[in-house]
Amino acid sequence: MANITAALVKELREKTGAGMMDCKGALNETNGDLEAAVDWLRKKGLAKAAKKAGRVASEGLVAVESAGRHAAVVEVNSETDFVARNDGFQAFAREAAKLALNTDGTLEGLQAATFPGSSETVQEKLSNLIATIGENMTLRRVAKLEVSKGVIASYVHGQINEGLGKIGVLVALESEGDVEFLSTLGRQIAMHVAATNPTALDASGVDQAVVERESNILREKNAGKPDHVMAKIVESGLKSYYKEVTLLEQPFVHDGSKTVSQILKEAAGKAGGEVAIKGFVRYALGEGIEKEEGPDFAAEVASMSR
């Protein structure tokens, strides 16, 4: 029997996208012949993942899992919305979110975790799911929030099943106050985050490159003004910008007369303790993925009539 090394198994996995145990089995069956092992996997339908890997996967699901003081959100992509409604795909997304609660919060950590009820890693399970369903799929990103006291509230927008939808939000509320009250407030703030898509909690969290860009725009729009006037214009303009993009300064969607910061101050008396947002995460399905444009059907029909 040929000596099947870890390096050989790794090379076959990279060529085919098949699971580690499937690759090892294929190499044993073909006496270590790499190309024959590729063919063996293809015949078994286990090498489909590699063929699909180049195709854009911008549909799928965002999955949220919450356990009181810690919660996780993951995005799992597919090529079509049809697959997002597949029971197997939904089960994978749900289990991935549950596993994320007990990993280190990184994508690599989640991919390497053992999938429940099997000896496969999460990434291997996904590769096998690709082979079964026949579409490219990716475990794109994961985030995790924890608090020592208080709650992690969640909200799923466009929900198609429990904890599965198009937008997933987590909000970490730190407080020693009443948990039931905090849970209700947290969900309202999570809904706010889903609707307004803030980029940071407060001004200190806004990317400095973005701040500089906004400042330059204000300077260009007001070119020629004296330096002391320009400084005030930039300062005022940035304050307005922060009200638009930072969570604490945004008008609360459930009561536009107050900011989120003001809502938190008022909540302290009702909760029985100070309430602070320690972090939030908002995942919208497919955001940032460059989607392939489909054929222009009207133009195609027109060209056929010429």
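The crossing of helices α1 and α2 is right-handed; a crossing has this hand if the near helix is turned clockwise from the far one by less than a right angle, and is left-handed if anticlockwise. The model is predicted, so local features need pLDDT of at least 70 and side-chain atom pairs count only at pLDDT 80 or more, while totals for chains, interfaces and linings use all residues. Residues are numbered from 1 along each chain as its sequence is written, and side-chain values use heavy atoms, with hydrogens and water left out.

**Packing of α1 and α2**
- Two packed helices are described by the angle between their axes and the distance between the axes.
- Helix α1 (residues 6-16) packs against helix α2 (residues 20-29) at an angle of about 110 degrees, and the axes are 9 Å apart; axes are lines fitted to C-alpha atoms over the stretch in contact, with angles from 0 to 180 degrees between N-to-C directions.
- The two helices are therefore roughly perpendicular (65 to 115 degrees; under 35 is roughly parallel, over 145 roughly antiparallel, and the rest oblique).
- On the α1 side, L8, V9, L12, R13 and T16 make the contact, and on the α2 side M20, C23, K24, A26 and L27 (contact means heavy atoms within 4.5 Å).
- Seven of these residues are nonpolar, one is polar and two are charged (nonpolar: Ala, Val, Leu, Ile, Met, Phe, Trp, Tyr, Cys and Pro; charged: Asp, Glu, Lys and Arg; polar: the others, Gly among them).

**Packing of α2 and α3**
- The axes of α2 and helix α3 (residues 34-43) come within 8 Å and cross at roughly 120 degrees.
- These helices are therefore oblique to each other, and their crossing is right-handed.
- The contact joins D22, C23, A26, L27 and E29 of α2 to L34, A37, W40 and L41 of α3.
- Its residues comprise seven nonpolar, no polar and two charged.

**Residue L99**
- L99 lies in helix α6 (residues 87-100) and is buried, with a relative accessible area of 17% (buried is under 20%, exposed over 50%, partly exposed in between, with a 1.4 Å probe and protein chains only).
- Beyond its neighbours within four places in sequence, L99 is in contact with L110, T114, F115, P116 and V122.
- L99 and V122 are 23 residues apart in sequence, and their C-alpha atoms are 9.2 Å apart.

**The whole protein**
- The protein has 13 helices and nine strands (DSSP runs numbered from the N terminus: H or I, at least four residues, for helices; E, at least two, for strands).
- Of its 306 residues, 43% count as buried.
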